[in-house]
Amino acid sequence: MNSTLKELGSIVLFVAVVACVPLVTDSGVTLNFVMMALYAALLAQAWNILGGFGGQFSFGHALFFGTGAYIQAIAQLQFGLNPWLALALAVTGSAAIGLGVGGLTFRYGLKGSYFALVTLAFAEVFRILALSVPFTGAGVGLMIPLSESFANMQFASRKGYLYLMLGFVAAALLVTWWLKHSRFGAYLQAVRDNEDAARAIGVNPFNVKLGAIGLSGALMGAGGAFYVQVFQYIDPGIAFGPGTSVEALVAAIVGGIGTLWGPVLGAVVLHVLADITRNMFGQLPGINMVIYGVVLVLIVMFLPRGIGGIAASVKSFFSKRGKP
C-alpha cells in the first residue's frame, strides 16, 4: 500500500512540476519542447498498455492515432461539432477500432510477430482507404480553420496546448498506475507471462487483451485528436504512416516497457536526441528514424529493461557476479 501511494504521489508531483513550467517561462522553444515531449509520452504510454503490460507488440498503433485524428477533423468540418465533443468521439471511435481489431485478431489466437504484422497491415489498409475516399480529403488531407479560443480548443500560445496534453498524460499515467495495482492489471500481466497458465486459473485471455487494446486505442486516439488541434492539418501519411507507430513503440521500449515511468523517460530521451539531431544535420529526411533504430538496437543489446531499469539491471549483474 505504501509503494502504491508513493507512485500516486509521484504522478501528482510530476503534474505539478510540469504545470509550473508555463508559469516560469514564456519561451516558445521551451514550451514547444515540453509540449511535444508530453505528446510523445502519451503515445508511448498508450503503446505500453498493450505492448508492455499485455505483451502484445503492435507495429500499427498509427491505426488508432489516425482514426482519432480524422474523427476530430471530420466531426468539425463536416458535422459542425464543437472540438471538445469531437475529442470525445475521437477517443471513443479509436477505442472501438481497437476493440474491432482485437476481436478479429485475438479470436483467432494471433500473437507475437503475427499480431504485430496484422496491426501493421490494418494501419496500411486504413491509409489506403483515407487516400481513396473524398470525406478524408484523399491525398490532399484536411485543414482545420484557425479560430483561437478555449471553446474551439485552439490557444493563442503553446501554454494552452501544454496544459491540454498534460491532462492527457496524467490520465494515461493514472490508467497505467491502475493497471499495476488492479485485478484487471494482474490478469493482463498473467496473460502476458503465460497465457495457458492464466487460462488454467480462470482468466479469460480474450476479454483481458480486448480490454487492453481498447484502452490503448483510446489514448492513442486522444493523441491524434491533439495533433489535429495543434497543427490544424492531417493527411493519410501523417495519420496512418509508420512514423507514429515507430515513435510510440521505440519510446516505450527505450524507457522500459511494463513500467509506470519508462515510457515518459523514453519519450523525453528520444525527443532530446531528435532535437540534437535536427540541429546537427538540419532537416535531413529520415535521420530521426535512423537514430531511433540505432538507439533501439543498443537498448535491446545492453539494457533489455530500458533506461528506467538501469538500476535493476546493475543490481542483477552484481548479484550474479557475487554468486559462487
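Modeller: Welcome! A helix here is a DSSP run of H or I with at least four residues, and helices are numbered from the N terminus. By that rule E195 lies in helix 8, residues 195-200. Please keep in mind that this is a predicted model.

Colleague: Thanks! What makes E195 buried?

Modeller: Its relative accessible area is 15%. Buried means under 20%, so E195 counts as buried.

Colleague: And how do you know that the side chain of E195 makes a polar contact with the side chain of K209?

Modeller: The distance is 3.3 Å, and the cut-off for a pair of N or O atoms is 3.5 Å, so the pair qualifies. Leaving aside neighbours within four places in sequence, E195 is in contact with K111, A190, P205 and K209.

Colleague: Let's turn to the rings. How many aromatic pairs does the structure hold?

Modeller: There are 15 aromatic pairs.

Colleague: Why is the pair of Y39 and Y227 called tilted?

Modeller: Their ring centres are 6.4 Å apart, and pairing needs centres within 6.5 Å. The planes stand at 40 degrees; under 30 would be stacked and over 60 edge-to-face, so this pair is tilted.

Colleague: What does that pair tie together?

Modeller: Y39 lies in helix 2 (residues 28-53) and Y227 in helix 9 (residues 205-231), so the pair joins parts that are 188 residues apart in sequence. Both Y39 and Y227 are buried.

Colleague: Then what makes the pair of F106 and F115 stacked?

Modeller: The angle between their planes is 20 degrees, with 5.3 Å centre to centre.

Colleague: How do you know that the charged end of R107 sits over the ring of F206?

Modeller: The charged end of R107 is 4.1 Å from the centre of that ring, and the limit is 6 Å. A charge must also be within 35 degrees of the ring normal.

Colleague: Why is helix 3 called largely enclosed by the rest of the structure?

Modeller: Because 14 of its 16 residues are buried. Helix 3 (residues 62-77) reaches 22 Å from its first C-alpha to its last, close to the 22 Å expected.

Colleague: Finally, which residues touch the most other members of the largest nonpolar core?

Modeller: They are L38, F226 and I234, in a core of 84 residues. Helix 2 gives this core its largest share, 16 residues. Not counting residues up to four places away in sequence, I234 touches several residues, including A69, Y70 and Y227.

Notes: Residues numbered from 1 in each chain as written. Predicted model: local features only at pLDDT ≥ 70, side-chain atom pairs only at ≥ 80, totals over all residues. Heavy atoms only, no water. Phe/Tyr/Trp six-rings, centres within 6.5 Å; stacked < 30°, edge-to-face > 60°. Helix = DSSP H or I, 4+ residues; strand = E, 2+ residues; numbered from the N terminus. Buried < 20%, exposed > 50% of the residue type's maximum accessible area, 1.4 Å probe, protein only. Expected span 1.5 Å × (residues − 1). Polar contact = N/O pair within 3.5 Å; in protein donor to acceptor, adjacent residues only side chain to side chain. Contact = heavy atoms within 4.5 Å. Core = buried A, V, L, I, M, F, W, Y, C linked by side-chain atoms within 4.5 Å.
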